[in-house]
Amino acid sequence: MPRAIISPSVLASDFGHLNAECKRMIKNGAEWLHMDVMDGHFVPNITMGAPILSCVSKGVPGIFMDCHMMVAHPERWVNDIADAGGSLYCFHLEATSEPLLLIDAIHERNMKAGVAISPDTPSTAITDEVADAADMLLVMTVYPGRGGQRFLDRCVPKVSELRARFPHKDIEVDGGVGPKTIGPCADAGSNVIVAGTAIFGAEKPEEVIALLKSTVETAQAKAAGRS
Ligand code: DX5
Ligand code: ZN
C-alpha cells in the first residue's frame, strides 16, 4: 500500500503570505502542498501560475509542490511548471487527447505525473496504459474550480474501483475532504489527501493533518488484514 500523504490546498490559505502559509503547513505535518492552478478556461476561475510557484519554491526550500493543473491545453505548461520547481504535474484527463505523450513530457522534466478525473468522468476513462505510466491518479470529489464546496459521496466508488485495479498507485482525493468526510475516502483506498478549508480553517491544523493521516493508516491496516 502506498503511504499516507497529506497535501493541504493553498487555495484556502492567505495568498498574501503564501510562503509563510506553506512553511506553517510543513511545520504542522504536511508532506506535500497542493497548488491549484486555474486558467479561466478549463475552469472559470483564475488563481496562480508558474511565476508564483517559482517564488514559493525559492522561498520554501525543499517544498514538494503537488501542482493540480486545472487548465486547458495542459501540454503548454509543463516546461514552465518544471522550471518553477513543480514536483508533481497533475493534469485533467478531460483536457487532453494525448495523455500518454503528456505523461512522457512531464517525466522528461523530472516531475511526477498525475492524472485527474472530474466528477462526471468515469474511472474507466483511465486506461490501464495511462494509469501504469502515471505516478498518481486524482479523483475529484467536487467539480474543479472553487474551494469550500460540499463533498460529493457519489465520487467515492471511483476510488474503490481504481484501488482494486491499481493496488500500488498513489490515489489522491480532492474537494470537500476533512474530518467529516475522510472516512469513506480512506476506506475506499485513497492515500493522498487534499484538504483546503478543513486544514487552513482549523484552529489547530496539526490536529486535522494528524487525524486525516491516521484515518488513512488505520483503513490501510484494516484492508491489509483482510487480504
Ligand atoms: C477545487 C480544488 C481543490 C480545493 C480543495 O477546484 O481543486 O483543491 O481547493 O479545497 P476544499 O478542501 O476547501 O474543498
Ligand atoms: Zn485541487
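The largest nonpolar core has 64 residues, and Met 35 and Leu 53 make the most contacts inside it. Helix α9, residues 205-226, gives this core its largest share, 5 residues. The model is a predicted one. As a general background, nonpolar side chains tend to be buried together in soluble globular proteins.

Stay with Met 35 for a moment. Which residues does Met 35 contact, leaving aside neighbours within four places in sequence? The list includes Val 10, Met 48, Leu 53, Val 56 and Met 65. Asp 66, Cys 67 and His 68 complete it.

Now step back to the whole chain. It holds 9 helices and 8 strands. Its radius of gyration is 16 Å, close to the 17 Å that the globule rule gives for 227 residues, so the chain is as compact as a globular protein of that length. Along the principal axes, the C-alpha atoms fill a box of roughly 45 × 40 × 30 Å. Of the 227 residues, 54% count as buried. The chain exposes about 10,000 Å², and carbon and sulfur atoms supply 53% of that area.

Next, the ligand. Ligand 1 has 20 residues around it. Asp 36, Gly 145, Asp 174, Gly 196 and Thr 197 come nearest. Which polar atoms lie close to its oxygen atoms? A side-chain N or O atom of His 68 is 3.2 Å from an oxygen atom of ligand 1. A polar backbone atom of Arg 146 is 3.5 Å from a ligand oxygen. For a backbone N or O atom of Gly 176, the distance to an oxygen atom of ligand 1 is 2.8 Å. On its own, ligand 1 has 380 Å² of accessible area, and the protein covers 99% of it.

Thr 181 sits in the loop between β7 (170-174) and α7 (182-188). Is Thr 181 buried or exposed? Its relative accessible area is 16%, which is under the 20% cut-off, so Thr 181 counts as buried. The side chain of Thr 181 reaches the backbone oxygen of Gly 176 at 2.9 Å. Not counting residues up to four places away in sequence, Thr 181 touches Phe 151 and Gly 176.

Finish with two loop residues. His 73 is not a glycine, yet its phi is positive, about 50°. His 73 lies in the loop between β3 (65-70) and α3 (78-83). At 42% relative accessibility, His 73 is partly exposed. Asn 110 also has a positive phi without being a glycine, near 60°. The loop of Asn 110 runs between α4 (99-108) and β5 (112-117). With a relative accessible area of 71%, Asn 110 is exposed.

How values were computed
Residues numbered from 1 in each chain as written. Chains lettered and ligands numbered in written order. Predicted model: local features only at pLDDT ≥ 70, side-chain atom pairs only at ≥ 80, totals over all residues. Heavy atoms only, no water. Core = buried A, V, L, I, M, F, W, Y, C linked by side-chain atoms within 4.5 Å. Buried < 20%, exposed > 50% of the residue type's maximum accessible area, 1.4 Å probe, protein only. Helix = DSSP H or I, 4+ residues; strand = E, 2+ residues; numbered from the N terminus. Contact = heavy atoms within 4.5 Å. Near = heavy atom within 4 Å. Polar contact = N/O pair within 3.5 Å; in protein donor to acceptor, adjacent residues only side chain to side chain. Areas by Shrake-Rupley, 256 points an atom, 1.4 Å probe, with all protein chains shown as cover. Rg over C-alpha atoms; globule rule 2.2 N^0.38 Å.
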